[in-house]
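Me: Let's go through the charged residues and a helix in this structure. Keep it brisk, please.

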Amino acid sequence: MAEGSRGVVRRIGLVEDHESVALGFAAMLADQPDLELVGTAPTVSGLLEQVTDLDLAVLDLRLSDGSSPKSNVEQLRAAGLETLVFTGAENPYLLRSAARAGVLGVVRKSEPAAVVIEAIRVAAAGGQVAS
């Protein structure tokens, strides 16, 4: 891991199937010297094909490929990656499914950027994120 102005630079991967959200996420992290977005893909398998040397995978809860949150989290964990859910979804079943699969937390897409960035920092360091 490289050193940033806040210490260790955390390597982040994003699984997001909406291009505009992925671009906004990248812009949000661009000014953060301690967080580096190193891979973005619309599916979990797409991200894992690009990169597996990550400190954190940030996962959209509902993807257009029809995959379940539980199977997505399990696939990421099998690759040795911790996961933070980044969602606009309010479906309690999907949220519980992801939580039971072992995510570090959930952060809503409607939160202010500073809240999202801090949640990513905490989760990338292995901490739990309260939502």
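Me: Where is Asp55 placed?
Reply: The model is predicted. In it, β5 covers residues 56-59 and α2 covers 44-50. Asp55 sits in the loop between α2 and β5.

Me: Asp55 has no salt bridge; which side chain of opposite charge is nearest?
Reply: Asp55 is buried. A salt bridge needs nitrogen and oxygen within 4 Å. The nearest side chain of opposite charge is 4.1 Å away, and it belongs to Arg10.

Me: Which backbone nitrogen does the side chain of Asp55 reach?
Reply: The distance is 2.6 Å, and the backbone nitrogen is that of Arg11.  Arg11 also forms a salt bridge, with Asp53.

Me: How many residues apart are Asp34 and Arg121?
Reply: Their side chains meet in a salt bridge at 2.5 Å, N to O. Both are buried. Asp34 lies in the loop between α1 and β4, Arg121 in helix α5. They are 87 residues apart.

Me: Within what arc do the buried residues of α3 fall?
Reply: The buried residues are Pro69, Asn72, Val73 and Leu76. They line one face of the helix, because seen down the axis of α3 they fall within an arc of 95°.

Key. Residues are numbered from 1 along each chain as its sequence is written. This is a predicted model: local features need pLDDT of at least 70, side-chain atom pairs count only at pLDDT 80 or more; totals for chains, interfaces and linings use all residues. Side-chain values use heavy atoms; hydrogens and water are left out. Helices (H or I, at least four residues) and strands (E, at least two) are DSSP runs, numbered from the N terminus. Buried means under 20% relative accessible area, exposed over 50%, partly exposed in between (1.4 Å probe, protein chains only). Lys and Arg count as positive and Asp and Glu as negative; His and the chain ends are not counted. A polar contact is a pair of N or O atoms within 3.5 Å; within protein, one must be able to donate a hydrogen and the other to accept it, and residues adjacent in sequence count only if both atoms are side-chain atoms. The arc is that of the directions from the helix axis to the C-beta atoms.
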